[in-house]
Amino acid sequence: MPKPEAVSRSKTVPRAKGTPHAIDTKPKLLFVTPIVTFLAAGLTKLVPVDWNIGWQGISLLVGFAVVGACLQCIPRRSVLWRAEPGSSQATLKQTITTMRVLVSIVMVLVPVTILATNDRVLSALPRSVEEYLGRLNAETFAGGVVSVAVETERKRNILLFVPVDKRHEEPAVLKFQPTTPPQVLVSGGSEGAGGSGSRIGGVAGELYILQTTKVVDNLVKGAVMPAFRQFATLALVLSGIFIFVIFIMEILGDLLLSMQPKRLKTS
Amino acid sequence: MLPLLQSLTIVGMIGATFFVYQTFGPRQLSFTFTKREKKEWDELVRGRLGSWLTVNSIFATVTSFATVYVFFIGNTLQFGWWIVFPILTIWGGGFITNHFTRILVSRRHIAKRLASGDQSKAVLLTLVLDGTNESIRSASIVRVVALTNILAILWLEFSVFADVSSKLIISESIFWGAIFLYGFAFSVLYFTLRFGLRGFLFADLFHGPIIVIGTLILLIGTFVFLIGVPSDGGHDGRLAGLFGRILTEMNAPKAPAPTSPLLSGVLFAISCLFLNSFLVLITQPHWFRVWMFGEKETTLQVTSLSITAVFWSILILIGGLASIVLSGEDVHGACKAGNVDGSVQVAVCFLQQITNGFPLLAVAFWMAGTGALFSTADAQIYSFFSIQRFDLREGKIAHAEFKELRPAFYAAIAAALFAGCYALVRFLKVDFDQLVFVLLPSCLNIVPALILAVRGIRQEPILLWISIVPYAVFAFLGLLNTDAAPVFAVAAPLMPLTVSAVALVYRPKEVAHAKA
């Protein structure tokens, strides 16, 4: 026996004006999404676990929760529409459903990703990269080259294995930092005498060893995370806009559809 | 990263508008409403929905991207306190619009036409038509003026939009600007012709709030940006200090070098007084709303324009903040206040500065900007087809069938022409601000004919010519690259003002003869 809700949805009788919506035009189940997001935002501060996501992360979570709650507050009038297959109402109904699903997916995915970008995960990432580099077989990875010939090129950064506290080999990046601009000696010029043709002079500079963990940490926190937060905020803004569109589609679509029986009657 | 965010916002807004258009279902046979549909429509808009639609439509149609949004942000620095005039005059214009609309609607033949349920009777040209040959000649002149004005506004909207976006997203080259313009113009024209021609009023229901929300975010974000940045000149950067600096900037307008700020301001004020007083009355969307919403259009006119005035004040506030941002110590080169030329460049430099610290303010700007572009463009496109296809002899819209519209064809041709004009204007280095002053008020040349219609006396086509010819001369002089060009540009609308004053007291010969 079908559930009462399913029966009411499949009814073809148009809803009488002013009749309260008996079925789930405001489904409670989907409120789980914003509620969970709100809870998650609170938990990140309340639970004594080191998963700090920063004030921007918290703001984004709260924003998604608010926008998600707005989505759930929009009455689902389209489920009551008596739409003939292939009709414009059916297309509109399908569009609303698809948009609701897509926005809901964004509402779940982005907050989950925000939660995944907490300090614990971010701090584990550099160590993981370092371990990965440590596990690399330099001989096979570098195509059989066991050493790198250091030439007079000043832009090349070289991966070295530098011993730390005399026990482990830690990967690091060698960065050449020139301290003076390269001098070009020209034949016949005031600075060069007797040379044939031009040549690059000596390049003075300093070699720095940059710890890979720091490099990855800076890369993630300085470039990847700001970009991610910008896109998350853009996703929040666009979700808000599309929720507003869903609202318009539900309300206006319902009003326009309510005119149809009269049109049939008059024609 | 920033270009990607901006592009996604614009594309997102176009996509959202497409979905709003979808609410109205498939295209009907004709882009005009039938009498039966009008009857149903009357029932639909009788309640609060009708009020919302009316207010949103008036607000969103008047608030365009080029002539309002960028204009206010970019010109507050130039005009100082004179920039407040458009606000006062657009609000006062509500009373004038209501006054003349009520007189016109009370005329028996116009009232009868509007009550007939035939949408053709809501076309602006019918107000001029009274069955005489003179009225047909006047109506044909009014049609040319109205269509020219609509095309000019559409072109201006797309050009400024493409100019700002291409400069912010890719480069300042004319080529990229033209490419952007073609893309935007084609998308907006195609979507509107294909899906939303009859739904422009509903689309305003979406665009109106989006414009407001985007602008408020931009305002708050700019405040936060400025409070967080140490300011120069002994000000401490707090909120009160910022307001003090805005007042200082407003007190010292920076008009273009050869023009005195006082002269420039006075001419601007007179131009605004005349333009904004009649702007709503002489544009086609107003008469469609009169036909569609009836009494609501007049009863909610002042409320809607009050909301518009408040919103424009916010834009002026942002313009004041923009001049503070550009006078900062870290701003150099062409963007430094004093070096920056034209409202478009001010808007571009302002956005470049604030989005360095807060990239998402660009998202807010494009949210509101795209909404403003769409809301003006869709109403103008609908008006264009209604006026262009109006048969003066028959007194109704002919060939209103959708199958004759060919959306992709028209959109491609129009977008290509717009892009070509844009490239030419950029090549000739004509300032967009001067174009705003010259092109937007061209619709005022309709006012003399409307005044004769209000007075209920015979139309005189010669009055229209006396208005249009000097207007065109002044407008041309206003576009030349001379020192006096801004004065000519601002003075052009004074020509129709003068002729309208004549029309107000003009007596046709036969009336004088009859009295004698």
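In chain A, 71% of the contacts with a separation of 6 or more join residues 24 or more positions apart. Two residues are in contact if their C-beta atoms, placed from the backbone, lie within 7 Å. This is a predicted model, in which local features need pLDDT of at least 70 and side-chain atom pairs count only at pLDDT 80 or more, while totals for chains, interfaces and linings use all residues. Residues are numbered from 1 along each chain as its sequence is written, and chains are lettered from A, with ligands numbered from 1, in the order in which they are written.

Let us stay with chain A for a moment. It has eight helices and five strands, where helices (H or I, at least four residues) and strands (E, at least two) are DSSP runs numbered from the N terminus. Read from the N terminus on, the elements go α-α-α-α-α-α-β-β-β-β-β-α-α. Of the 267 residues in chain A, 21% are buried. A residue is buried if 20 or more other C-beta atoms lie within 10 Å of its own, exposed if 12 or fewer, and partly exposed in between.

Now to the meeting of the two chains. Here 24 residues of chain A are in contact with 25 residues of chain B. On the chain A side, the elements giving two or more residues are helix H4 (88–116), helix H7 (212–258) and helix H8 (260–266). H7(A) gives the most, with 16 residues. By class, this side has 16 nonpolar, six polar and two charged residues. Ala, Val, Leu, Ile, Met, Phe, Trp, Tyr, Cys and Pro count as nonpolar, Asp, Glu, Lys and Arg as charged, and the others, Gly among them, as polar.

H7(A) packs with helix H1 (residues 2–22) of chain B at an angle of about 10 degrees, and their axes are 10 Å apart. The two helices are therefore roughly parallel, a label for angles under 35 degrees. Among the residues that meet are A:Leu238, A:Phe242 and A:Val245 from H7(A), and B:Leu8, B:Ala16 and B:Phe19 from H1(B). The residues of this contact divide into twelve nonpolar, three polar and no charged.

A:Val245 turns up again in the largest nonpolar core, which has 204 residues; A:Val245, B:Val70 and B:Ile73 are among those with the most contacts inside it. Such a core is a set of buried Ala, Val, Leu, Ile, Met, Phe, Trp, Tyr and Cys residues joined through C-beta atoms within 7 Å.

Helix H4 (residues 65–79) of chain B bends by about 55 degrees at B:Phe72; the bend is the angle between axes fitted to the seven residues ending there and the seven starting there. In H4(B), 15 of its 15 residues are buried. After H4(B) comes B:Gly80, whose phi is positive, near 60 degrees.

B:Ile354 touches B:Gly221, B:Thr222, B:Phe225, B:Val325 and B:Leu361, leaving out residues up to four places away in sequence. Its C-alpha atom is separated by 9.1 Å from that of B:Ala322, 32 residues apart along the chain. B:Lys429 has a positive phi, near 60 degrees, in a residue other than glycine.

Technical notes. Axes are lines fitted to C-alpha atoms, for helices over the stretch in contact, and angles run from 0 to 180 degrees between N-to-C directions. Angles under 35 degrees count as roughly parallel, over 145 as roughly antiparallel, 65 to 115 as roughly perpendicular and the rest as oblique.
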